[in-house]
Amino acid sequence: MHRSCALVLLALSLASASAAGKETVSLCFEQQDVLPWRTEKQGGLNFALLKMVGQRLDIRFDYQAIPWKRCLAELKANAVDGAFAVSYKPDRRELGEYPGGQQIDASKRMHIDSYVVVRKKGSKVEWDGKSFRNLDGAIGFQLGYSVGDVLRAQNVEVDEGSQRADELARKLIAGRVAAAAIGGSDAHGLMHGPLGPQLEELPIPIIEKPYFLILSHGMLAARPQLAERIWRAIEEARNSASYKKLEAAEGVRH
């Protein structure tokens, strides 16, 4: 019995030492569920993909769930090695590096998602893919989200005062905004949740875009080869049969 216990302790010690010896990359992500991509408890397709990357490269990812604007601020300060999942905006180059450098390499994305228009049921707000009609107030979007630039280019009034999709939906139902621009996966969750009967999702997306793992300037300076290996492994894992099977089960594109 004592020998058996000793062997168990030795195995645990070796496993711990092995894990501790792996190269670590610290990543932050938004502190909320964005299904099917990620959950606060590290579930969803983004984490499944990064797990495959970690296994391929024999590295360990250390995750931090924090509010989105703080996550991007920590990336800029090199307090974390990377952040996900981040869409492209020119001014975000100040925060960190996208795969491909000056020519963004969309083949190394984590996934594709869209922003859609959600209105209160019975509202006459319309979006034809180019412009809004019957808009009698601001369009709400979540704090720090890139769709804000698209809306401002439309010269419409905007409201960036909501942290979460459900908070924004309640603001819409209460009449505090005329419409909401919400990520496609978030909108899907809202439409199938308790608030869904009071909402309508318009059929034409505002925009569709790829989302990336972006790495800090400090990470690129200190470990450039590892950075390139991570981005390459993301592409390889995303195109693997095992990951495509996970995507198919969720009914999403990659």
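Helices (H or I, at least four residues) and strands (E, at least two) are DSSP runs, numbered from the N terminus. With that in hand, welcome to this protein: just after helix α5, G175 takes a positive phi of about 85°. This is a predicted model, in which local features need pLDDT of at least 70 and side-chain atom pairs count only at pLDDT 80 or more, while totals for chains, interfaces and linings use all residues. Residues are numbered from 1 along each chain as its sequence is written, and side-chain values use heavy atoms, with hydrogens and water left out.

**The overall picture**

- The protein has 9 helices and 11 strands.
- Its C-alpha atoms fill a box of roughly 75 × 45 × 30 Å, taken along the principal axes.
- Of the 254 residues, 46% count as buried, meaning under 20% relative accessible area with a 1.4 Å probe and protein chains only.
- Contact means heavy atoms within 4.5 Å; among contacts between residues at least 6 apart in sequence, 68% join residues at least 24 apart.

**Strands β1 and β2**

- Strand β1 (residues 23-30) pairs with strand β2 (residues 59-66) in the parallel sense over 8 bridges; pairing requires that DSSP finds at least two bridges between two strands.
- V25 has F61, in β2, as its bridge partner.
- Helix α2 (residues 45-57) carries the chain from β1 to β2, and this β-α-β crossover is right-handed: with the strands pointing away from the viewer, the path from the first strand over the helix to the second runs clockwise.

**Helix α5**

- The buried residues in α5 are A165, L168, A169, K171, L172 and I173.
- These buried residues pack against β4, β7 (139-142), β8 (158-162), β9 (179-183), α6 and β10 (199-201).

**The cavity**

- On a 1 Å grid over the protein atoms alone, a cavity is a set of points where a 1.4 Å probe fits but cannot get out, and a pocket is an open set with protein on both sides within 12 Å along at least five of seven lines; lining residues have an atom within 4 Å of a point.
- Grid points are joined across faces, edges and corners, and a volume is the space filled by probe spheres set on the points.
- By this rule there is 1 cavity of 30 Å³ or more.
- The largest cavity holds about 220 Å³ of space, and of the 20 residues that line it, R38, A85, Y115, Y145 and Y211 are the closest to its centre.
- Two or more lining residues come from each of β3 (82-87), β4 (111-120) and α6 (184-191), with the largest share, 4 residues, from β4.
- The cavity lining divides into 8 nonpolar, 7 polar and 5 charged residues, where Ala, Val, Leu, Ile, Met, Phe, Trp, Tyr, Cys and Pro count as nonpolar, Asp, Glu, Lys and Arg as charged, and the others, Gly among them, as polar.

**The pockets**

- About 660 Å³ of space lies in the largest pocket, which has 27 lining residues, with L35, S185, D186, H188 and G189 nearest its centre.
- Helix α6 supplies the largest share of that lining, 6 residues, while β4, α5 (165-173) and α6 each supply at least two.
- The lining of the largest pocket has 10 nonpolar, 8 polar and 9 charged residues.
- The second largest pocket holds about 210 Å³, and K69, L72, K89, R92 and G144 lie nearest its centre among 13 lining residues.
- Helices α3 (68-76) and α4 (147-153) give two or more residues to the lining of the second largest pocket, and α4 gives the most, with 3.

Notes:
Buried means under 20% relative accessible area, exposed over 50%, partly exposed in between (1.4 Å probe, protein chains only).
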